[in-house]
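I opened this notebook to record what I looked up in one structure. The entries follow in the order in which I made them.

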Amino acid sequence: MFRTLFSAAPNTPFSINSRKNLNAFIKKSVVLLDNYTNDKLITHGSALHCHLIKMGLSSQKYIAVKLLIMYLDSRKSFEIEQMLKEFKGFNLVVQNCLITANLQWGNVVDACRLFDEMPQRNEVSWTSLISGLLKHGNVGEAMSYFERNPFSDVFSWTATISGLVQNRLSFQAMRLYKKMLQSGVLPNDITFTTVIRACMELGDLGLGKSVLGLIIKVGFEDNVCISNSLVKFFLSLGEIDFAKKTFDRVEEKDVVSWTTILDMYVEMGDLRGARRIFDEMPERNEVTWSAMIARFSQSGNAEEAVKLFQQMVQQNIKPNISCYSSVISALATLQALHSGWSIHAHVLKIGMESSVFIGSSLCDLYCKCGNTKDGRLVFDSILEKNVVCWNSMVCGYSLNGQLAEATELFNRIPRKNNMSWNSLIVGHLCVENFIEAFEVFCEMILSGEQPNKSTFSSVLKACASLASSEKGKYSHTKAIKLGFQHEVFVATALVDMYAKSGSIEGSRKIFDRMPIKNEVVWTAMIQGLAENGLAEESLRLFEEMEQTSSKIAPNELILLSVLFACSHCGLVDKGLSYFSSMEKVYGIKPNERHYACVADMLSRSGRLHEAEKFIMSMPFEPQANVWAALLSGCKTYGNEALAARTAEKLSELADTKPGGYVLLSNIYASGGRWLDAMNTRNLMSQKGIKKTGGCSWIELRNQAHLFYSQDETHPQTTEIYRVLQLFSSEIQSYLT
């Protein structure tokens with residue numbers, strides 16, 4: 001173990017032939033002890049201690065201090081006591097070591113007692129105590145010692161300023177910095193990086209610029225650590241140009257410099273610029289690679305993240321835990337199960353499978369690929385699970401429609417957070433359990449867990465699907481109470497919820513109050529107006545969007561709503577104009593839903609032969625709903641011949657859908673062709689096709705009551721039919 005340190009001699013255990021060799025030996029021993037202390041290799045250090053005792057060098061002052069520090073760091077009580085016996089009388093260095101150790105162990109009272117009992121103190125004594133007290137949050141006591149400190153050098157000032165910033169007392173830190181300058185003490189590089197961090201937490205650009213002025217004045221503008229702090233400061237305040245100029249001015253950039261500016265491009269959404277900066281980096285370590293892979297993965301560019309990982313491995317750079325976690329997340333987004341298996345196998349091979357971060361990502365990967373069984377095996381293998389791990393598995397079950405398993409696991413989470421609740425709410429939404437989704441939201445409120453904007457977006461979607469204004473208003477009230485009503489995602493969900501619940505006035509009020517409108521909220525409002533029968537207002541709003549929102553281009557859903565509005569207010573030619581301009585003007589290729597809407601528009605207006613011709617010219621096979629729209633037009637306008645042809649087409653496509661057959665039967669019945677109507681119904685029976693019963697519901701005291709035709713399943717059926725009979729009698733008596 002110590003071949004380079006000890007050389008055997010014929011007559012002595014170890015041969016040190018001169019004072020020069022002795023000094024070299026002591027220096028090597030000190031370096032080794034430092035390394036063992038830093039790497040927590042106490043066994044190696046103890047072995048070296050034994051050799052030093054044999055040589056009679058364990059009491060040498062430099063070696064003895066290093067041995068004491070090593071044992072203090074490892075909290076070896078017996079060895080500490082033995083080493084203290086090596087020192088005769090008071091030793092200032094030893095006393096400072098004991099104070100530092102007690103502060104590291106959390107023995108603040110003992111550290112202060114040792115300090116107060118010292119017959120003499122130096123700069124290290126005062127700075128160690130003050131810095132240690134601040135690390136434990138004892139700000140008042142630390143400042144009391146600072147004011148009595150006779151050694152007001154730059155290290156003492158800097159340690160105190162840094163401690164205040166760590167305690168989030170940046171304003172007090174800046175006041176102390178001002179006193180430092182007034183006292184005539186010039187800051188060093190560590191002082192400036194600490195002060196810049198304080199300016200960043202305060203969000204004060206002017207203050208930061210004044211600090212920059214002093215940095216330039218004292219000649220620290222080329223210091224790489226200070227420049228990195230300045231870049232972060234300017235970026236935190238959105239001052240991109242200042243950040244770029246500061247970065248460009250640094251001649252010798254380090255990895256932190258490049259990573260910081262890399263983050264800037266990622267935050268701006270400029271992944272191409274981020275990749276350019278990454279490729280320009282002269283030095284890239286595993287941290288830089290990991291950061292880049294993580295940024296691309298988190299920004300939705302999963303394919304690029306995987307490519308970067310492959311390049312990293314090809315360049316023989318060993319990925320760390322963060323890197324594996326990020327690339328597995330990217331593979332989950334791509335649903336690349338086979339590649340995921342390869343990464344999982346490699347993780348098992350190198351012994352990283354117990355990492356909760358990698359385990360959580362693997363759970364997510366398997367579940368997103370529909371393999372919840374393997375996801376659960378990974379989950380169960382993680383010994384120390386955190387809330388992210390629990391949430392990954394609950395979310396995995398939820399997204400795969402396994403609500404029973406998701407709920408069972410959810411109930412076992414030791415400490416739930418809002419993501420835990422959100423995972424279960426989203427699971428119910430996925431399987432259209434809208435009432436259950438709202439009930440989970442109510443349980444969340446009662447538990448004391450605070451919802452976030454994602455929670456409200458999900459629960460408002462459930463309320464919209466239920467067309468429940470009462471539940472929607474309750475959720476809206478909670479959103480207002482927590483200050484989320486102006487969040488663009490929550491406001492958009494509110495617009496959609498009120499529109500689908502029939503309260504178009506409420507929907508429009510929220511829309512008009514929104515300071516920033518994205519394409520999703522414009523879509524929701526235009527669609528809401530059209531679906532609530534306000535087709536002309538919907539078209540006016542679309543024209544307003546085109547005139548006022550230059551940054552928002554119409555999308556597929558907006559144009560579908562416009563076509564729907566044209567269809568329902570009889571503006572056929574205008575609708576056809578919008579349809580023909582989709583690809584020419586807006587660059588959007590019409591899909592099946594757009595074609596179906598135009599077919600419906602022509603059929604509603606009685607232009608049946610034009611509708612048939614349009615359907616036959618579609619670039620893809622018309623679906624059943626398209627022929628059903630034409631058949632409905634045939635019923636309205638009494639065109640039996642076209643209805644028969646349409647029904648024949650529909651029968652080829654809609655063997656399991658009763659809508660077309662019911663329409664054809666109604667057409668025959670309205671024309672007095674009862675035999676044909678009966679034959680159509682018989683054909684439905686032969687093919688096992690049943691018409692879904694009509695359903696209506698009312699909401700009373702926050703509970704939905706559903707009713708079907710001739711339904712007798714409601715617990716109050718007898719009372720309901722009795723009241724209906726009473727109403728029927730009253731109406732009959734009124735009419736007669």
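**Entry 1: a pair of rings.** I began with F278 and W289, and I found both residues buried. The model is a predicted one, and I kept that in mind throughout. I then looked at the rings of F278 and W289, which form an edge-to-face aromatic pair, with 4.9 Å from centre to centre and 85° between the planes. I noted that F278 belongs to helix α16 (residues 271-280) and W289 to helix α17 (residues 286-298), so this pair ties together parts that are 11 residues apart in sequence.

**Entry 2: another pair of rings.** I placed F379 in helix α22 (residues 372-381) and W390 in helix α23 (residues 387-399), and recorded that the pair links distant parts of the chain, 11 residues apart. I found F379 and W390 both buried.

**Entry 3: the aromatic count.** I asked how many aromatic pairs the count comes to. The count comes to 21 aromatic pairs. I also noted a cluster in which ring pairs link F438, F441, F456, Y474 and F484.

**Entry 4: one asparagine.** I located N228 in helix α13 (residues 224-236). Is N228 buried or exposed? Its relative accessible area is 7%, and under 20% counts as buried, so I recorded N228 as buried. Leaving out residues up to four places away in sequence, I listed the residues that N228 touches as D254, V256, S257 and T260.

**Entry 5: the largest pocket.** I read the space in the largest pocket as about 370 Å³. I found 20 residues lining this pocket, and those nearest its centre are T492, A493, D496, V520 and A524. The elements that give two or more residues to the lining are α27 (453-466), α29 (488-500) and α31 (519-531). Which element gives the largest share of the lining? I found that α29 does, with seven residues. Sorted by class, the lining holds seven nonpolar, eight polar and five charged residues.

**Entry 6: confidence.** The protein averages 83, and 90% of the residues score at least 70. Over residues 1-15, however, I saw that pLDDT stays under 50. For residues 1-15 the model has 26 contacts beyond four places in sequence.

Definitions and conventions
Residues are numbered from 1 along each chain as its sequence is written. This is a predicted model: local features need pLDDT of at least 70, side-chain atom pairs count only at pLDDT 80 or more; totals for chains, interfaces and linings use all residues. Side-chain values use heavy atoms; hydrogens and water are left out. On a 1 Å grid over the protein atoms alone, a cavity is a set of points where a 1.4 Å probe fits but cannot get out, and a pocket is an open set with protein on both sides within 12 Å along at least five of seven lines; lining residues have an atom within 4 Å of a point. Grid points are joined across faces, edges and corners, and a volume is the space filled by probe spheres set on the points. Helices (H or I, at least four residues) and strands (E, at least two) are DSSP runs, numbered from the N terminus. Ala, Val, Leu, Ile, Met, Phe, Trp, Tyr, Cys and Pro count as nonpolar, Asp, Glu, Lys and Arg as charged, and the others, Gly among them, as polar. pLDDT is the predictor's confidence in each residue, from 0 to 100. Contact means heavy atoms within 4.5 Å. Rings of Phe, Tyr and Trp (its six-membered ring) pair if their centres lie within 6.5 Å; planes under 30 degrees apart count as stacked, over 60 as edge-to-face and the rest as tilted. Buried means under 20% relative accessible area, exposed over 50%, partly exposed in between (1.4 Å probe, protein chains only).
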